[in-house]
Amino acid sequence: MTVAVNPSSLRVLIIDDSPFDTELIIRELNSCFITHFRRVDTAEEMLDALASATWDIVISDYVMPSFSGLNAIALLRKEGYTTPLIVVSGKIEDEAAVETMRAGANDYILKDNLARLVPAIRRELEESEVRRQKMKVEDELRKLSHAVEQSPVSIIITDQNGTIEYVNPKFTQVTGYGANEAIGQTPRILKSGNMPDSEYRRLWETITSGREWHGDIINKKKNGDLFWERASISAIKDAEGVITHFVGVKEDISEQRRTELAHKQAMNQLRQAQKMEAIGQLAGGIAHDFNNLLTVINGYSTMLLHEMPVDDPFRSEVNEILKAGERAADLTHQLLAFSRRQMLEPKVININHLVRNMEKMLKRLIRENIVMHTSLYEQLGVVKVDPGQVEQIIMNLLVNARDALGNGGTITIETADVYLDKTFVNENPGAVEGKYVMLAVHDNGEGMTEETRRKIFEPFFTTKGQGKGTGLGLATAYGIVKQSGGYIQVTSELGQWTSFRVYFPRVDSEAWQEEAVSSREGPKGNETILVIEDEIGVLNLTAHTLKRSGYEVLQASSPTEASRIFSADHHRIDLVLSDVIMPEKNGPTLVREFREKRPDLKIIFMSGYTDDTISSQNIVDEHTAFINKPFTPDVLVERVRDILEGRLNI
């Protein structure tokens, strides 16, 4: 039994004149959300719907008999609503698509590619929350600024010993600093210990030279709490030029500073998210073509090694080609993991079992002067994740901890069931309230500065020397966790310790059971396979590999050619092996057409980059599987045999 993560509620206003199209949209949304919706198709109905309820997202058709997507966008913005709007249309020209985006649509999606709808909505909901937090902060700043402008400030006069001589009784006193203190000593005026001595020295030198000092000071209350003050302080001298007392004007700006810091943090997080998204798009853009090339390079290298005698003088050279191709494939997979554009194969697992199975291998990754402990919660819940990707997270975090322990130390791998409450979510933007399984890696190493902690998940950022790291390990972990619906947190104390905590959504424990190890027969077969691939090198390699394993292979280099072949031979085709992203028509769309004639048709999709065209939601039965490019001939024939014999459970 497969159990998904508990879906969240989604309120959708649908602007469409077709109940049938609306039903298709709702069916797609219900795969991931508990959907509440209302359908309208006129301006009057839309206004009534907006006034009578709050909506998370608006989905509008582009053209309707008495209304349009452009009208809906204009009406939404005119009424002052910031709700994201996505245009979903049966057909839309490029010029019209550009026009809708310029008018204010957040995205446009074709109705024959509804698989993009859920990822687009998730993205818009996240960005909407960031915008909401930003507007809240800016509103609080405006209110705070108005309050400061309207309130009087304290006036403090001290005698030469620093004793308060006069204070406006409405306001809090502050400590003065007397003239009998020696000039040149480290000043103590309003000193909290949270400002550099140079700042206090500048303050003291300014006022003792007869000038007025202006600035912000961090002060400390008697109970130890810190607060911020904006102050103007000057020294009063007698006729002989001797300082007799000070005059100070100050205002408490603690709330304003806290709000400013929160706003700055939110904006930094937004810029970071935008930067990482841009790099992710770049990674995805090159991955499709690059992985096609690597499939050909690695595939033919593997074939040559299988055919070459052990004592062949060129065997080592071919082996080096394969190793270089595999390293390139690893690098591409890391980029795709970071950018959240790889295809995951999630399974319901117990992370404790994963850690125990890896323990011996992990200990080989660390040095002799490092001790590794595990602290695993025995009643740990289960999660639905890609086991291979979680293994990569554990190894990346362990290597990061190892490198922080230059002089040796301790690494602890911990698991626990946790509940992330509203307080945690408020303090950690991007986290979602709920039940999670925590996987943590702690070390008592050198720790990191706040600046390093902020940049730690950026791709190619590293504190290691040249040639000692790619800077992709933690960025990869970040991408895997986010794509798996989780959250990753890092805390550190410079010179003392660092902790990485990964939170994966917990699922129903009844969904988990140990996987039985099945004995597999040889990979040979005699079935008929239709291979669809627009990259000729990959098409020829795939066909050659399958023919060598006994299969009858039909080849198609385009969706049009594939449709023609399938129409003529669909009764004898046992399996379709199709690329995902192709000109004319993508793989999932083409396969849906095939299944109208053959509902039980077995499918394997292959791709190195999904571009939201296919996701785990598309793989919903035992007749469909996925293989990542670049793949080797051995992996391909094994995957083909698995699905033909019904051994895959995706």
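Me: Is aspartate 421 buried, exposed or partly exposed, and why?
Reply: Aspartate 421 counts as partly exposed because its relative accessibility is 36%; buried means under 20% relative accessible area, exposed over 50%, and partly exposed in between (1.4 Å probe, protein chains only).

Me: What should I know about the model?
Reply: This is a predicted model, where local features need pLDDT of at least 70, side-chain atom pairs count only at pLDDT 80 or more, and totals for chains, interfaces and linings use all residues. Residues are numbered from 1 along each chain as its sequence is written, and side-chain values use heavy atoms, leaving out hydrogens and water.

Me: OK, how far is aspartate 421 from lysine 435 in space?
Reply: They're 8.9 Å apart, C-alpha to C-alpha, and 14 residues apart in sequence.

Me: What does Phe504 touch?
Reply: Not counting residues up to four places away in sequence, its contacts (heavy atoms within 4.5 Å) include Lys435, Tyr436 and Ile351.

Me: New topic: how are α15 and α16 packed?
Reply: Helix α15 (residues 559-569) and helix α16 (residues 587-597) pack at about 10°, with axes 11 Å apart. Axes are lines fitted to C-alpha atoms over the stretch in contact, with angles from 0 to 180 degrees between N-to-C directions. Helices are DSSP runs (H or I, at least four residues), numbered from the N terminus.

Me: So what's that arrangement called?
Reply: α15 and α16 are therefore roughly parallel to each other, the word for angles under 35 degrees.

Me: Which residues in α15 meet α16?
Reply: Pro559, Ala562, Ser563, Phe566 and Ser567 do, meeting Leu590, Glu593, Phe594 and Lys597 in α16.

Technical notes: Helix = DSSP H or I, 4+ residues; strand = E, 2+ residues; numbered from the N terminus. Parallel < 35°, antiparallel > 145°, perpendicular 65-115°, else oblique.
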